[in-house]
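Please open the structure in a viewer and keep the sequence at hand.

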Amino acid sequence: MSVQTKELTILTPAGILGYGIPAEHFWRGVERGPDAIIVDAGSTDPGPYLLGLGKTIVHRQGYMRDLALVLQAASERRIPLIVSSAGGPGIDRHVDEMVAMIREISAAKGYRFKVATIYADIDRAVIHDRLAAGRITECGPSGELTHQAIDDAVNIVAQMGAEPFARVLREHPDVDIIVGGRAYDPAPYAGLCMLHGIDPGVYWHMGKIVECGAVCAEPKGRVILATVRRDSFDLEPMNPAERCTPASVAAHTLYEKTRPDLLFGPGGMLDLRGSRYEALDNRRVRVSGSVFHPSERYSVKLEGAAIVGHRTIFIGGIRDPILLGQLDSYLDEVRRRMTGFFPELETGEATMHFHVYGRDAVMGPLEPKRHEIPHEVGLMGEITAPTQEQANAICSQARITVLHMPYPGQLATAGNFAIPLNPPENPIGPVCRFNVYHLMEVESPEELFPVRLLEI
Amino acid sequence: MRNARLRDLAKVIRSKNSGPFEITFDVIFDDDATYQRVKESGALEQAKMALLYNVPAEDIIACMFFDPAMAFKLTLRRAWAQGSVGERDTFGAQQHAPLLDIVVD
């Protein structure tokens, strides 16, 4: 392998593939002749149902629209394209579905590509072994992993680091498109840059920023061009109305991060305490001085989600001030009666949550104004049980109890609850939980992420 | 402007998940004098944050200022599972409100 040192330009069309790419800004970036187009497609933010139920963040229509644009540039200008965390959760099936969409568009347009796929589903036997060997630790406050949790998870992926991408680029330089499964968001950027003699502190910091598109600009945008060299990188949003400033770029590492100065990832920690942010003009910024500290052992983050039950909900409102003045004791009494009907609510096999909108539904115990009495509240009853049938039965009884249970001082004897929906109870299907969110040591950064090559 | 509310001093006050097990808060200023004033006032110190959000000190994972961005960062352990049973705020995007009315001398 020959390590070249040169300046690389990387175009990022959006923070998440499928959210929409502004075509004019995208083509402005393409005109700059980038060395690669890289776009991340993943996030855990929408919650565990994506991974647990194997769903994608964006509907097919959104992927097809965004892919049509980037594939046109990839084909006409021969710009390498990398998509990572396909579908959001980045399970193997999502990688294959992304390839199928690329194939469909390419067939219609007459494009030809060499494609590499990198998979991130992890064999449970490997996880069991490493747990037994004490090579799995919690990631943030996620608690200790158990063998039961490994078995309960519907899907388990690991966030690949930079090396699997670098390996494909190094061993198969003729590949036009890489579609990766679950990956640490900046990993494809790092994978490309590490082959070009760029300092790891520089490329990890750059990747960390541009994997979100032009969110680091003011106002925040989509398409951004990064120019990266051995010891610094420059950022320029491709919408002329957006500006990157030293403050806007520095502020980006606050976003969705535990802390803005030390960022942990596969293979080490990015240290931004000495970073310098310099305005090149009024909308371009140069960043330097960031340092990457490799960790002693290389770990990847496992993500797994399990189905923990089935849910049925009811929603409605309460306007009666006499009832609102005693809402807590009223709901406590509802709960007491419900527990009498359904012992599974006592054992914890089933659960019932009341969300009181207008009081503390948003913040729960964090709400400082929870003791103020509102003139109206919305109430959502959320029932979770092992089966949908069971959840439906409990929810129906709970809704009836809320509607008709008498309370002290009651004047309105016909009903306590204003119900907008008919039918009043609505099954909403399985509910998931991130039950695996842990760091696992690997033998090598590439070992768990198999590569496949195909031609389109 | 003495006894100003944080909402009148900051450019950004927001909350969001930082992964499924944490909620993180950012307060960003757009001029250094205001930033320094808030930083030195002690209005955002850790004990006050614990009180404001009614959480034990050990649930505060980060509480710090970040000079390059003229920003304050607070990160709390998420005491409930993200996007699962009993969830209130899947994205953690509406937990910032109590910060708005903090009074700064």
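**Conventions**

This is a predicted model, in which local features need pLDDT of at least 70, side-chain atom pairs count only at pLDDT 80 or more, and totals for chains, interfaces and linings use all residues. Residues are numbered from 1 along each chain as its sequence is written, chains are lettered from A and ligands numbered from 1 in the order in which they are written, and side-chain values use heavy atoms, with hydrogens and water left out. The predictor assigns the complex an ipTM of 0.93 and a pTM of 0.92.

**Chain A as a whole**

Select chain A. Its C-alpha atoms fill a box of roughly 80 × 50 × 50 Å along the principal axes. The chain contains 14 helices and 19 strands; these are DSSP runs numbered from the N terminus, with helices (H or I) of at least four residues and strands (E) of at least two. Of its 456 residues, 58% count as buried. Buried means under 20% relative accessible area, exposed over 50%, and partly exposed in between, with a 1.4 Å probe and protein chains only.

**The nonpolar cores**

Next, select A:Ile127, A:Met206, A:Leu235, A:Leu302 and A:Phe449, the residues with the most contacts inside the largest nonpolar core, which has 70 residues. Such a core is a set of buried Ala, Val, Leu, Ile, Met, Phe, Trp, Tyr and Cys residues joined through side-chain atoms within 4.5 Å. Helix H9 (residues 200-210) of chain A supplies the largest share of this core, six residues. A second, separate core of 42 residues includes A:Leu69, A:Val83, A:Phe113 and A:Val115.

Now centre on A:Ile127. Neighbours within four places in sequence aside, its contacts (heavy atoms within 4.5 Å) include A:Ile136, A:Leu302 and A:Met440.

Move to helix H4 (residues 92-109) of chain A, where A:Ser106 is placed. Is A:Ser106 buried or exposed? A:Ser106 counts as buried because its relative accessibility is 1%. Beyond its neighbours within four places in sequence, A:Ser106 is in contact with A:Leu71, A:Tyr111, A:Phe113 and A:Ile456.

A:Arg103 also lies in helix H4, and it counts as partly exposed, at 39% relative accessibility. A:Arg103 and A:Ile456 are 353 residues apart in sequence, yet their C-alpha atoms are 6.1 Å apart in space.

**Backbone exceptions**

Most residues other than glycine have a negative phi, and most peptide bonds are trans. Select A:Glu218 and A:Pro219, which are joined by a cis peptide bond with omega of about -10 degrees; A:Pro219 is in the loop between H9 and strand E8 (224-229) of chain A. Another cis peptide bond joins A:Asn422 and A:Pro423, with omega of about 5 degrees.

For positive phi, select A:Arg78, whose phi is near 50 degrees. A:Arg78 lies in the loop between helix H3 (60-77) and strand E3 (81-84) of chain A. Finally, turn to chain B and select B:Asn54, whose phi is near 55 degrees. B:Asn54 counts as exposed, at 55% relative accessibility.
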